2 protein chains.
Amino acid sequence: MKIISGGVCAAKGFTASGIHCGIRKNRTKKDLALILSEQPASAAAVYTTNLVKGAPLTVTKEHISNGYAQAVICNSGNANTCNANGIEVAEKMSEALASALKIKADDVVVASTGVIGQPLNLAPIVDGIPALVAGLSKDGCDAAAEGIMTTDTVKKEIAVEFSVGGKTCRLGGIAKGSGMIHPNMATMLVFMTTDAAISPKMLQKALSTDIANTFNMVSVDGDTSTNDMVTVLANGMAGNEEITCEGEDFTAFMQALNTVTVHLCRMIAGDGEGATKLLECHVSGADTVATAKTVAKSVICSSLLKAAMFGADANWGRVLCAIGYSGADVNVGRVDVSFRSAKGEIAVCKNGAGVEFSEEKAKEILLEREIEIVISIGDGAYSATAWGCDLTYDYVKINGDYRT
Amino acid sequence: MKIISGGVCAAKGFTASGIHCGIRKNRTKKDLALILSEQPASAAAVYTTNLVKGAPLTVTKEHISNGYAQAVICNSGNANTCNANGIEVAEKMSEALASALKIKADDVVVASTGVIGQPLNLAPIVDGIPALVAGLSKDGCDAAAEGIMTTDTVKKEIAVEFSVGGKTCRLGGIAKGSGMIHPNMATMLVFMTTDAAISPKMLQKALSTDIANTFNMVSVDGDTSTNDMVTVLANGMAGNEEITCEGEDFTAFMQALNTVTVHLCRMIAGDGEGATKLLECHVSGADTVATAKTVAKSVICSSLLKAAMFGADANWGRVLCAIGYSGADVNVGRVDVSFRSAKGEIAVCKNGAGVEFSEEKAKEILLEREIEIVISIGDGAYSATAWGCDLTYDYVKINGDYRT
C-alpha cells in the first residue's frame, strides 16, 4: 500500500466539483460540493449520536438504506438543522441534483454544515446545480474539499493505492471538521471513495469497525455536532472480485481505510478551531482497550492540559488529573508520563509521582507543532491513541461570534 | 433566616487568620489560612471523586473519621499531590499546628491547593504557624479567605443567621475555586462553620444531600480537581438542642446551608478562570431530576456555548446541540429555550426549532454580567439548575502558563 496524490477522485470512476453558490456571504469561499461515481456504488455511513440530528442525516440514512448510492452533495454555511422544513429542503436538494445528473434521487447522499437553526434557502443551491454539475472533473477534488470547509483553515484530503486479489485499488477521502468535534459519535463530515469492489454489508462493517479507533478518538472541543457523518462509496471499478466476507482481501481493504482515516483524523485535530498544535495521546499497558481509550480521550479533552500545551508548559499534573477523573479503573501509582516531539522525548512522571526534568528541554519539545503525550498505565496488553489540539485565544475568538 | 456579614467567623466560637508564609513567590499574596473553633466541633466533609487524590484529603479523611475536628489549615501555591512524601508532609502540617494550638493532631482538617506534582516544602509552613496562630481573631475571616485563593480574583464568603429550636444560629463559609472545576465531585475548597449543635451523622447527611444540587452542579472547565473538598464544622455554641434526626430543626439547618452553598456556587462560577459572565442554566419540565441535571450540566459545560456567551451571541443552536449529546432521554421536538438577564428575557427556540427574535434585544440581554439560560424540555415535574461561566481569552492566558 502507498499514499498517492488526490482525494475523492483518486479512485476510478469518481469525479468531483465545488462552487460558490451564495449560501455563504463571502464570495471567495466555496459553499457547495459534489462527488459523483460513474456507476452506483456500495455505500456505508455512520452518523452523529447527538439526539438533535441534522435533517440531511435523516434523508441520507433513508437513501442508502438499500446499500447503494452514486453521488454526494454537501453545502457549507448552514447546517439545515432545527428547522421546521429541514427534511423537505434536504429532499429537494437531492431531487434537483438527481434530475440534473439523471440518476435516482435515493442514490444521493446529502449533507450540510454550518450554523444551526436558520432555515436553509434552497434557491442558491438549485440555481447553482447546473454549474456544479458542469464543473465535474477528475481535478475537482480540491474544489469539493473547499466546498465543505467552514472554519477549517486547510483542505483535508488523502488517497492510497493498495492491492486486492491482484487488482490495484484506490481509496481516498476529504474531510471537514474544525469545531463541535468530540468522541463518541460518527464524527464530522468525511467523504471517502474507492474503486474496490466490496459489498454494502462488508463496507459498513469496515467503516463501523474503523471509526471506533479513529474518528471517535478525536476531540477538538468536547461538543458532539448534530450533523456529523462519515460516508464511503465503493464503485467496484478496480475490477477485483467483490469482497463479501472477512479474509485477506477484507484485511487489505481495512488497512487502506485505516491509513486514510488516521491521516484525516490527524488533519482534523491539527486544524481544530484556533489550534496551533496537534496533540496525539498514546496510552499503553491497559488491561482492556476500553480503559486505554477512556484514558486517552480524557487527557486529550482536558481544557487545562490543552491550554498548557498552547503555552508549551510541561504541566504533567494536569495529565494525571485527567486520568484520575476519566472514570477508568487505573492504579494511579503505576502511571508513567512523557512528552515527545521531533525534538526528543522527556519523562516527567514515574509511578504517579514527579521526576526531575529539564524545564528547558521540555519547553523545546513542547514548542513543536506536533506533540505526543505518552502514557503507560501498567503491564496490560492494550493500548489506544486519541487526537486533539491545544486550546488557544483563537478558539475563543472564532466561537465568540461565529454567526456574524 | 437572613444573610449577615462575615464568613467563617460569623458563628460563635470561631476565629480565623491568614498570612504569607512563603510558598507563593509573590509576597503580596497570602498562602496559608487557619480556622479555629474554641471547642471540638462535629465535622463533615465531601471529597473529590478523582482517583488521583491530594495527600491532604487522605489525611483529613482519617482525622475526621471519628466525626469531630477543631481546626482547619490550608495552604495555596502547591497542591501536595502526586508527591512521594505527600502524606508525611500533610501529617506534619497537622502536627505542627496542633502543637501550637495545644489541640489533638487528629482534630485538624488539612488542605492544599495549587500546582500538582511538586514537593511541598514544609519549612515555610512550620515557620509561619506561630504568626498564623498569633493572628487568629474574629476579624480574620478575610485573611483566611485570601489565604486559600489561587487564580481567584475575588474573595468568596457569606454567612447567614437562622433559628433552630428558638436559638439563634449562624452558618458561614469561605471558598476558593476558579479552574479545574467540574460536576460530579466534591468540588473545590469550601470551608463552612456553624455554631448550631448537630450530630456528625446529621451534619454529613446535610452536606452530602446539599452538594448534589449545589457544588456538583458547577462547572468552570470540565476538569475535576484532585484536591477538592467541602467541609463544615459545627461547634454547638449556639446552644440549641442538638439536631440528631430529621425534622423541623434539620430542615431549618438545611435551608441555611443551602443559602450559603448556592451563594458560594454562584461566586465560584462567576469568578471562573478568565470569566466575564456568570451563566445559570435552569432546566424544567423533566421526567426525572437526573434528566434535568444531565441537561443543565451538559449545556453549562459546552465550550462552544461558553464562547458564544463571551461574545454575547444568541447562538441557541449550541444549546440544542448540547442537550442532544447530553445522554439524557429528551424529546428534542419539545424543547423551548430563552435567554434572560436584568435586561429582560427573549425566546429563541420553541419546540426544537428557531423562532424569529430581535438580534439587538438578544445582544442587549447577553451583554449583562449574569445570564440565565432557561430551558423547558416537556411537561415533567422535575427541574435543576447548573452554574458556569463563559470561555474567554483570559482562561487560555491563565492556563497557558500557570506554573511560571
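Student: How far apart do the C-alpha centres of domain 1 and domain 2 of chain A lie?

Tutor: This is a predicted model, in which local features need pLDDT of at least 70 and side-chain atom pairs count only at pLDDT 80 or more, while totals for chains, interfaces and linings use all residues. Residues are numbered from 1 along each chain as its sequence is written, with chains lettered from A and ligands numbered from 1 in the order in which they are written. An automatic or database domain assignment gives chain A domain 1 (2-270) and domain 2 (278-400). The separation of their C-alpha centres is 32 Å.

Student: How many nonpolar residues are on the side of domain 1 of chain A that touches domain 2 of chain A?

Tutor: The contact (C-beta atoms, placed from the backbone, within 7 Å) takes 14 residues from domain 2 of chain A and twelve from domain 1 of chain A. On the domain 1 side, five are polar and one is charged. Nonpolar here covers Ala, Val, Leu, Ile, Met, Phe, Trp, Tyr, Cys and Pro; Asp, Glu, Lys and Arg are charged and the others, Gly among them, polar. The nonpolar count is six.

Student: Which strands are the edge strands of the six-stranded open sheet in chain A?

Tutor: Strands are DSSP E runs of at least two residues and helices H or I runs of at least four, numbered from the N terminus; two strands pair if DSSP finds at least two bridges between them. The sheet has mixed pairing and the order 13-12-11-14-10-15. Pairing on one side only marks strand 13 (353-354) and strand 15 (382-389) of chain A.

Student: Which residue in strand 14 of chain A stands opposite Phe339(A)?

Tutor: Strand 11 (residues 336-341) and strand 14 (residues 370-376) of chain A run antiparallel and are joined by five bridges. Opposite Phe339(A) stands Ile373(A).

Student: In chain B, which residue is the bridge partner of Val283(B) in strand 14?

Tutor: Strand 10 (residues 278-286) and strand 14 (residues 370-376) of chain B run parallel, with seven bridges between them. The partner of Val283(B) is Ile375(B).

Student: At what angle does helix 10 of chain B run to strand 11 of chain B?

Tutor: Helix 10 (residues 359-366) of chain B lies across strand 11 (336-341), strand 12 (344-350) and strand 14 of chain B. Axes are lines fitted to C-alpha atoms, for helices over the stretch in contact, and angles between N-to-C directions run from 0 to 180 degrees. The angle to strand 11 of chain B is about 55 degrees.

Notes. Contact = placed C-beta atoms within 7 Å.
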